[in-house]
Amino acid sequence: MLVTGGCGFIGSNFIRLLLAEEPEAELTNLDLLTYAGNPKNLEDLEGSSRYRFVHGDVRDETLVEELVREVDWIVNFAAETHVDRSTPAQAGEFVETNVQGPYVLADALRRAQRDARLLQVGTDEVYGSLSAPRRAREDALLEPSSPYSASKAGGDLVALGFHRMLGMDVLVSRSTNNYGPYQYPEKLLPLFITNAMQDEPLPLYDGGTQIRDWLWVDDHCRALLLLLREGEAGEIYNVGANQDPEITNGELTRMLLRLLGKPESLIRPVEGLRPGHDQRYAVDSSKLRALGWAPSIELEEGVQRTLDWYQKRRDWWEPIKSGAYRAYYRRHYGLEPKG
Ligand code: TYD
(Lines give C-alpha, C1' and ligand atoms only; values in the text may rest on other atoms or scores of the structure.)
Protein backbone atom coordinates (compact mmCIF):
# COMPACT_ATOMS: atom_id res chain seq x y z
CA MET A 1 0.00 0.00 0.00
CA LEU A 2 0.91 3.64 -0.39
CA VAL A 3 0.68 6.19 2.41
CA THR A 4 1.34 9.83 1.64
CA GLY A 5 2.42 12.26 4.34
CA GLY A 6 3.38 9.36 6.57
CA CYS A 7 6.09 11.30 8.39
CA GLY A 8 3.54 13.62 9.96
CA PHE A 9 1.62 13.18 13.18
CA ILE A 10 -1.40 11.10 12.16
CA GLY A 11 0.35 9.42 9.25
CA SER A 12 3.20 8.06 11.36
CA ASN A 13 0.82 6.74 14.02
CA PHE A 14 -1.23 5.12 11.25
CA ILE A 15 1.77 3.43 9.60
CA ARG A 16 2.87 1.87 12.88
CA LEU A 17 -0.65 0.55 13.53
CA LEU A 18 -1.12 -0.72 9.98
CA LEU A 19 2.11 -2.72 9.92
CA ALA A 20 1.18 -4.31 13.25
CA GLU A 21 -2.41 -5.09 12.30
CA GLU A 22 -1.79 -6.25 8.71
CA PRO A 23 1.16 -8.65 8.96
CA GLU A 24 1.19 -9.26 5.20
CA ALA A 25 1.21 -5.58 4.25
CA GLU A 26 4.10 -3.90 2.48
CA LEU A 27 3.97 -0.17 2.72
CA THR A 28 5.54 2.75 0.87
CA ASN A 29 5.53 6.12 2.57
CA LEU A 30 5.75 9.10 0.20
CA ASP A 31 6.58 12.27 2.12
CA LEU A 32 8.01 15.64 1.11
CA LEU A 33 9.38 16.28 4.63
CA THR A 34 8.06 19.80 4.88
CA TYR A 35 8.36 21.50 8.28
CA ALA A 36 5.90 19.19 10.07
CA GLY A 37 7.17 15.93 8.55
CA ASN A 38 9.85 14.30 10.64
CA PRO A 39 11.66 11.07 9.71
CA LYS A 40 12.32 10.55 13.44
CA ASN A 41 8.59 9.77 13.81
CA LEU A 42 9.24 6.41 12.15
CA GLU A 43 12.87 5.68 12.98
CA ASP A 44 11.85 2.44 14.71
CA LEU A 45 10.82 1.09 11.27
CA GLU A 46 14.18 1.67 9.61
CA GLY A 47 15.45 -1.66 8.38
CA SER A 48 12.01 -3.26 8.19
CA SER A 49 11.61 -5.19 4.94
CA ARG A 50 7.91 -4.26 4.82
CA TYR A 51 8.50 -0.51 4.96
CA ARG A 52 9.96 1.82 2.35
CA PHE A 53 10.37 5.58 2.52
CA VAL A 54 10.28 7.66 -0.67
CA HIS A 55 11.18 11.34 -0.42
CA GLY A 56 8.90 13.18 -2.82
CA ASP A 57 5.87 15.29 -3.55
CA VAL A 58 2.31 14.00 -3.74
CA ARG A 59 1.84 16.48 -6.62
CA ASP A 60 4.58 14.84 -8.70
CA GLU A 61 2.45 13.06 -11.31
CA THR A 62 5.22 10.90 -12.77
CA LEU A 63 6.47 9.68 -9.40
CA VAL A 64 2.96 9.03 -8.08
CA GLU A 65 1.94 7.10 -11.18
CA GLU A 66 4.96 4.86 -10.70
CA LEU A 67 4.13 4.30 -7.02
CA VAL A 68 0.47 3.40 -7.53
CA ARG A 69 1.12 0.68 -10.09
CA GLU A 70 1.10 -2.19 -7.63
CA VAL A 71 -0.84 -0.92 -4.66
CA ASP A 72 -4.19 -2.08 -3.33
CA TRP A 73 -4.70 0.69 -0.80
CA ILE A 74 -3.75 4.37 -0.73
CA VAL A 75 -4.23 6.62 2.27
CA ASN A 76 -3.64 10.32 1.72
CA PHE A 77 -2.43 12.22 4.79
CA ALA A 78 -0.24 14.67 2.85
CA ALA A 79 -1.59 18.11 3.75
CA GLU A 80 -0.92 21.58 5.05
CA THR A 81 -2.86 21.49 8.32
CA HIS A 82 -2.31 24.46 10.59
CA VAL A 83 -5.15 27.00 10.66
CA ASP A 84 -2.90 29.78 12.07
CA ARG A 85 -0.58 29.41 9.08
CA SER A 86 -3.44 29.41 6.54
CA THR A 87 -3.66 33.17 6.16
CA PRO A 88 -5.08 34.54 2.90
CA ALA A 89 -1.50 35.38 1.88
CA GLN A 90 -0.44 31.75 2.30
CA ALA A 91 -3.63 30.15 1.00
CA GLY A 92 -1.88 29.04 -2.20
CA GLU A 93 0.24 26.45 -0.39
CA PHE A 94 -2.86 24.96 1.18
CA VAL A 95 -4.72 24.78 -2.13
CA GLU A 96 -1.76 23.26 -3.93
CA THR A 97 -1.21 20.44 -1.47
CA ASN A 98 -4.71 19.84 -0.14
CA VAL A 99 -6.61 20.04 -3.43
CA GLN A 100 -4.04 18.99 -5.98
CA GLY A 101 -2.72 16.10 -3.87
CA PRO A 102 -5.95 14.04 -3.97
CA TYR A 103 -6.37 14.94 -7.64
CA VAL A 104 -2.91 13.64 -8.57
CA LEU A 105 -3.43 10.42 -6.59
CA ALA A 106 -6.85 9.67 -8.09
CA ASP A 107 -5.76 10.59 -11.58
CA ALA A 108 -2.62 8.43 -11.30
CA LEU A 109 -4.85 5.45 -10.45
CA ARG A 110 -7.01 6.25 -13.46
CA ARG A 111 -4.04 6.49 -15.82
CA ALA A 112 -2.43 3.35 -14.42
CA GLN A 113 -5.82 1.61 -14.65
CA ARG A 114 -5.24 0.37 -11.15
CA ASP A 115 -8.30 -0.78 -9.25
CA ALA A 116 -7.10 0.29 -5.80
CA ARG A 117 -8.92 1.85 -2.86
CA LEU A 118 -8.13 5.52 -2.15
CA LEU A 119 -8.93 6.85 1.31
CA GLN A 120 -8.79 10.63 1.48
CA VAL A 121 -8.21 11.69 5.09
CA GLY A 122 -10.29 14.75 5.84
CA THR A 123 -11.38 17.01 8.67
CA ASP A 124 -14.59 17.99 10.45
CA GLU A 125 -13.55 21.63 9.97
CA VAL A 126 -15.14 21.53 6.51
CA TYR A 127 -18.57 21.80 8.20
CA GLY A 128 -17.60 25.09 9.85
CA SER A 129 -18.69 26.26 13.28
CA LEU A 130 -21.92 24.66 14.58
CA SER A 131 -24.09 25.89 17.41
CA ALA A 132 -24.88 23.35 20.17
CA PRO A 133 -26.40 20.82 20.26
CA ARG A 134 -26.11 20.35 16.49
CA ARG A 135 -23.73 17.71 15.15
CA ALA A 136 -22.88 17.62 11.44
CA ARG A 137 -23.82 14.51 9.51
CA GLU A 138 -21.87 13.58 6.40
CA ASP A 139 -24.47 15.31 4.19
CA ALA A 140 -24.33 18.63 6.09
CA LEU A 141 -23.63 21.84 4.25
CA LEU A 142 -19.91 22.59 3.83
CA GLU A 143 -19.11 25.96 5.41
CA PRO A 144 -15.32 26.11 5.83
CA SER A 145 -13.98 29.25 7.50
CA SER A 146 -10.29 29.25 6.57
CA PRO A 147 -8.10 28.52 3.55
CA TYR A 148 -7.12 25.35 5.41
CA SER A 149 -10.64 23.95 5.77
CA ALA A 150 -11.77 25.28 2.38
CA SER A 151 -8.88 23.50 0.67
CA LYS A 152 -9.62 20.27 2.56
CA ALA A 153 -13.25 20.47 1.44
CA GLY A 154 -12.04 20.94 -2.13
CA GLY A 155 -9.76 17.91 -1.87
CA ASP A 156 -12.60 15.72 -0.60
CA LEU A 157 -14.83 16.72 -3.49
CA VAL A 158 -12.14 16.26 -6.12
CA ALA A 159 -11.44 12.73 -4.85
CA LEU A 160 -15.13 11.82 -4.70
CA GLY A 161 -15.62 13.15 -8.24
CA PHE A 162 -13.46 10.27 -9.49
CA HIS A 163 -15.90 7.86 -7.89
CA ARG A 164 -18.95 9.63 -9.31
CA MET A 165 -17.63 9.89 -12.86
CA LEU A 166 -15.56 6.75 -13.21
CA GLY A 167 -16.81 4.47 -10.43
CA MET A 168 -13.38 4.48 -8.80
CA ASP A 169 -12.99 3.10 -5.29
CA VAL A 170 -12.64 6.37 -3.36
CA LEU A 171 -13.82 7.20 0.14
CA VAL A 172 -13.40 10.13 2.50
CA SER A 173 -13.04 10.28 6.28
CA ARG A 174 -13.63 13.46 8.29
CA SER A 175 -12.13 13.42 11.74
CA THR A 176 -12.35 15.74 14.71
CA ASN A 177 -9.20 17.16 16.39
CA ASN A 178 -6.59 14.47 17.08
CA TYR A 179 -4.09 14.40 19.94
CA GLY A 180 -1.35 12.02 21.08
CA PRO A 181 2.34 11.23 20.50
CA TYR A 182 4.34 12.89 17.68
CA GLN A 183 2.02 15.88 17.22
CA TYR A 184 3.94 18.93 16.00
CA PRO A 185 4.09 21.49 18.82
CA GLU A 186 2.23 24.22 16.94
CA LYS A 187 -1.15 22.62 17.71
CA LEU A 188 -2.97 23.38 20.97
CA LEU A 189 -2.16 20.34 23.10
CA PRO A 190 1.52 19.74 22.28
CA LEU A 191 2.18 23.50 22.31
CA PHE A 192 0.62 23.96 25.73
CA ILE A 193 2.16 20.79 27.16
CA THR A 194 5.69 21.65 26.07
CA ASN A 195 5.32 25.33 27.03
CA ALA A 196 4.07 24.33 30.48
CA MET A 197 6.98 21.92 30.90
CA GLN A 198 9.28 24.89 30.22
CA ASP A 199 7.25 27.25 32.47
CA GLU A 200 6.41 29.33 29.41
CA PRO A 201 3.07 31.13 28.92
CA LEU A 202 0.16 29.24 27.28
CA PRO A 203 -1.40 31.58 24.69
CA LEU A 204 -5.11 30.81 25.09
CA TYR A 205 -7.12 32.46 22.33
CA ASP A 206 -10.35 34.40 22.61
CA GLY A 207 -11.40 33.50 26.15
CA GLY A 208 -10.86 29.74 25.71
CA THR A 209 -14.60 29.10 25.24
CA GLN A 210 -14.23 27.21 21.95
CA ILE A 211 -15.13 23.54 21.69
CA ARG A 212 -13.24 20.81 19.86
CA ASP A 213 -14.05 17.07 20.01
CA TRP A 214 -10.66 15.65 21.02
CA LEU A 215 -9.89 12.21 19.60
CA TRP A 216 -6.99 9.94 20.64
CA VAL A 217 -4.90 9.55 17.47
CA ASP A 218 -4.78 5.76 17.69
CA ASP A 219 -8.59 5.64 17.74
CA HIS A 220 -8.63 7.70 14.56
CA CYS A 221 -6.09 5.35 12.96
CA ARG A 222 -8.22 2.33 13.89
CA ALA A 223 -11.19 3.99 12.23
CA LEU A 224 -9.15 4.50 9.04
CA LEU A 225 -8.09 0.85 9.00
CA LEU A 226 -11.71 -0.20 9.43
CA LEU A 227 -12.73 2.03 6.52
CA LEU A 228 -10.04 0.52 4.30
CA ARG A 229 -11.35 -2.93 5.12
CA GLU A 230 -15.10 -2.30 5.26
CA GLY A 231 -16.01 1.21 4.13
CA GLU A 232 -18.22 1.67 1.12
CA ALA A 233 -16.85 3.27 -2.06
CA GLY A 234 -18.10 6.79 -2.72
CA GLU A 235 -19.04 7.37 0.91
CA ILE A 236 -17.94 9.92 3.52
CA TYR A 237 -17.47 8.85 7.15
CA ASN A 238 -17.24 11.22 10.12
CA VAL A 239 -14.84 10.16 12.87
CA GLY A 240 -15.56 11.79 16.23
CA ALA A 241 -14.95 11.07 19.90
CA ASN A 242 -18.31 12.66 20.80
CA GLN A 243 -17.01 13.91 24.16
CA ASP A 244 -19.86 14.05 26.66
CA PRO A 245 -19.90 16.59 28.20
CA GLU A 246 -18.16 18.69 25.58
CA ILE A 247 -14.97 20.38 26.75
CA THR A 248 -13.82 23.94 26.06
CA ASN A 249 -10.23 24.89 25.29
CA GLY A 250 -10.04 26.61 28.69
CA GLU A 251 -11.20 23.48 30.53
CA LEU A 252 -8.77 21.32 28.58
CA THR A 253 -5.93 23.73 29.39
CA ARG A 254 -6.74 23.65 33.10
CA MET A 255 -6.93 19.83 32.97
CA LEU A 256 -3.44 19.51 31.56
CA LEU A 257 -2.01 22.06 34.01
CA ARG A 258 -3.56 20.09 36.89
CA LEU A 259 -2.13 16.79 35.57
CA LEU A 260 1.29 18.41 35.16
CA GLY A 261 1.17 20.10 38.58
CA LYS A 262 1.69 23.56 37.01
CA PRO A 263 -0.11 26.79 38.01
CA GLU A 264 -3.01 28.30 36.04
CA SER A 265 -1.11 31.58 36.11
CA LEU A 266 0.81 30.23 33.09
CA ILE A 267 -2.30 30.88 30.97
CA ARG A 268 -1.88 34.03 28.90
CA PRO A 269 -5.15 35.21 27.33
CA VAL A 270 -4.67 36.51 23.80
CA GLU A 271 -7.22 38.00 21.42
CA GLY A 272 -7.46 38.34 17.68
CA LEU A 273 -4.65 35.99 16.60
CA ARG A 274 -7.11 33.78 14.70
CA PRO A 275 -9.53 35.82 12.58
CA GLY A 276 -12.79 33.93 11.97
CA HIS A 277 -12.02 31.58 14.90
CA ASP A 278 -14.58 28.76 14.78
CA GLN A 279 -16.48 28.41 18.05
CA ARG A 280 -17.52 24.77 17.99
CA TYR A 281 -16.97 21.65 15.91
CA ALA A 282 -19.12 18.55 16.37
CA VAL A 283 -19.90 15.59 14.14
CA ASP A 284 -22.41 12.78 14.12
CA SER A 285 -20.26 9.66 13.75
CA SER A 286 -23.05 7.06 13.87
CA LYS A 287 -22.36 5.92 10.28
CA LEU A 288 -18.84 4.83 11.26
CA ARG A 289 -20.01 3.43 14.61
CA ALA A 290 -22.49 1.22 12.75
CA LEU A 291 -19.42 -0.57 11.31
CA GLY A 292 -18.34 -1.42 14.87
CA TRP A 293 -15.95 1.44 15.72
CA ALA A 294 -15.86 3.25 19.06
CA PRO A 295 -13.17 5.32 20.79
CA SER A 296 -11.12 3.24 23.24
CA ILE A 297 -10.13 5.74 25.94
CA GLU A 298 -11.47 8.68 27.92
CA LEU A 299 -10.05 12.14 27.34
CA GLU A 300 -8.28 12.49 30.70
CA GLU A 301 -6.51 9.17 30.25
CA GLY A 302 -5.46 10.15 26.74
CA VAL A 303 -4.18 13.52 27.92
CA GLN A 304 -2.20 11.79 30.68
CA ARG A 305 -0.65 9.38 28.14
CA THR A 306 0.19 12.32 25.91
CA LEU A 307 1.83 14.19 28.79
CA ASP A 308 3.85 11.10 29.67
CA TRP A 309 5.03 10.82 26.09
CA TYR A 310 6.12 14.46 25.84
CA GLN A 311 7.83 14.14 29.21
CA LYS A 312 9.80 11.11 27.99
CA ARG A 313 10.51 12.41 24.51
CA ARG A 314 12.18 15.77 25.08
CA ASP A 315 14.75 14.52 22.56
CA TRP A 316 11.93 14.64 19.98
CA TRP A 317 10.39 18.05 20.64
CA GLU A 318 13.21 20.20 21.98
CA PRO A 319 15.08 20.31 18.65
CA ILE A 320 11.80 21.09 16.85
CA LYS A 321 11.21 24.14 19.06
CA SER A 322 14.25 25.87 17.64
CA GLY A 323 15.28 27.10 14.19
CA ALA A 324 12.41 27.85 11.80
CA TYR A 325 9.87 27.08 14.52
CA ARG A 326 11.22 29.94 16.64
CA ALA A 327 10.84 32.38 13.78
CA TYR A 328 7.23 31.25 13.22
CA TYR A 329 6.47 31.48 16.93
CA ARG A 330 7.89 34.98 17.24
CA ARG A 331 6.04 36.14 14.15
CA HIS A 332 2.70 34.66 15.15
CA TYR A 333 2.64 35.16 18.91
CA GLY A 334 5.17 37.94 19.37
CA LEU A 335 6.72 35.71 22.03
CA GLU A 336 10.06 33.97 22.28
CA PRO A 337 9.90 30.28 23.26
CA LYS A 338 12.72 28.73 25.28
CA GLY A 339 14.90 26.55 23.06
P1 TYD B 1 -5.52 23.84 16.87
O2 TYD B 1 -4.78 22.87 17.71
O3 TYD B 1 -4.73 24.80 16.04
O4 TYD B 1 -6.52 22.99 15.98
P5 TYD B 1 -7.77 23.48 15.06
O6 TYD B 1 -7.62 24.92 14.77
O7 TYD B 1 -7.59 22.64 13.85
O8 TYD B 1 -9.01 23.17 15.84
O9 TYD B 1 -6.47 24.70 17.80
C10 TYD B 1 -7.41 24.08 18.64
C11 TYD B 1 -8.13 25.15 19.41
O12 TYD B 1 -7.19 25.78 20.30
C13 TYD B 1 -8.69 26.28 18.56
O14 TYD B 1 -9.93 26.71 19.12
C15 TYD B 1 -7.67 27.39 18.68
C16 TYD B 1 -7.10 27.18 20.07
N17 TYD B 1 -5.69 27.58 20.23
C18 TYD B 1 -5.32 28.45 21.27
O19 TYD B 1 -6.14 28.91 22.08
N20 TYD B 1 -3.99 28.82 21.37
C21 TYD B 1 -3.05 28.35 20.51
O22 TYD B 1 -1.86 28.74 20.66
C23 TYD B 1 -3.44 27.44 19.48
C24 TYD B 1 -2.42 26.87 18.52
C25 TYD B 1 -4.77 27.07 19.38
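The legends below walk through several close-up views of a predicted model.

In this predicted model, local features are described where pLDDT is at least 70, side-chain atom pairs count only at pLDDT 80 or more, and totals for chains, interfaces and linings use all residues. Residues are numbered from 1 along each chain as its sequence is written, and side-chain values use heavy atoms, with hydrogens and water left out.

View 1. The ligand is surrounded by 20 residues, and the closest are Glu125, Arg212, Arg274, His277 and Tyr333. Helix α6 (188-197) and strand β8 (202-205) each supply at least two residues of the shell. Helices (H or I, at least four residues) and strands (E, at least two) are DSSP runs, numbered from the N terminus.

View 2. Look for Arg212, where a side-chain N or O atom is 2.7 Å from an oxygen atom of the ligand. The side chain of His277 also has an N or O atom 2.7 Å from a ligand oxygen, and for a polar side-chain atom of Asn177 the distance to a ligand oxygen is 2.9 Å. Of the 510 Å² of accessible area that the ligand has on its own, the protein covers 97%. Such areas come from the Shrake-Rupley method with a 1.4 Å probe.

View 3. Is His82 buried or exposed? His82 counts as buried because its relative accessibility is 3%; buried means under 20% relative accessible area, exposed over 50%, and partly exposed in between (1.4 Å probe, protein chains only). The loop that holds His82 runs between β4 (73-76) and α3 (91-98). Leaving aside neighbours within four places in sequence, His82 has contacts that include Tyr35, Glu186 and Arg274, where contact means heavy atoms within 4.5 Å.

**View 4. The largest nonpolar core.** This core has 70 residues, of which Met1, Phe14 and Val75 touch the most other members. Helix α7 (residues 217-230) gives the most to this core, with eight residues. A nonpolar core is a set of buried Ala, Val, Leu, Ile, Met, Phe, Trp, Tyr and Cys residues joined through side-chain atoms within 4.5 Å. Not counting residues up to four places away in sequence, Val75 touches residues including Met1, Phe14 and Leu228. In soluble globular proteins, nonpolar side chains tend to be buried together.

**View 5. Glu65 and its partner.** Glu65 sits in helix α2 (residues 61-68). With a relative accessible area of 15%, Glu65 is buried. Its side chain makes a polar contact with the side chain of Arg111 at 2.3 Å. A polar contact is a pair of N or O atoms within 3.5 Å; within protein, one must be able to donate a hydrogen and the other to accept it, and residues adjacent in sequence count only if both atoms are side-chain atoms.

**View 6. Two cis peptide bonds.** Most residues other than glycine have a negative phi, and most peptide bonds are trans. The bond from Ala132 to Pro133 is cis, with omega near 5°. Another cis bond joins Asp244 and Pro245, with omega about 0°.

Methods. Near = heavy atom within 4 Å.
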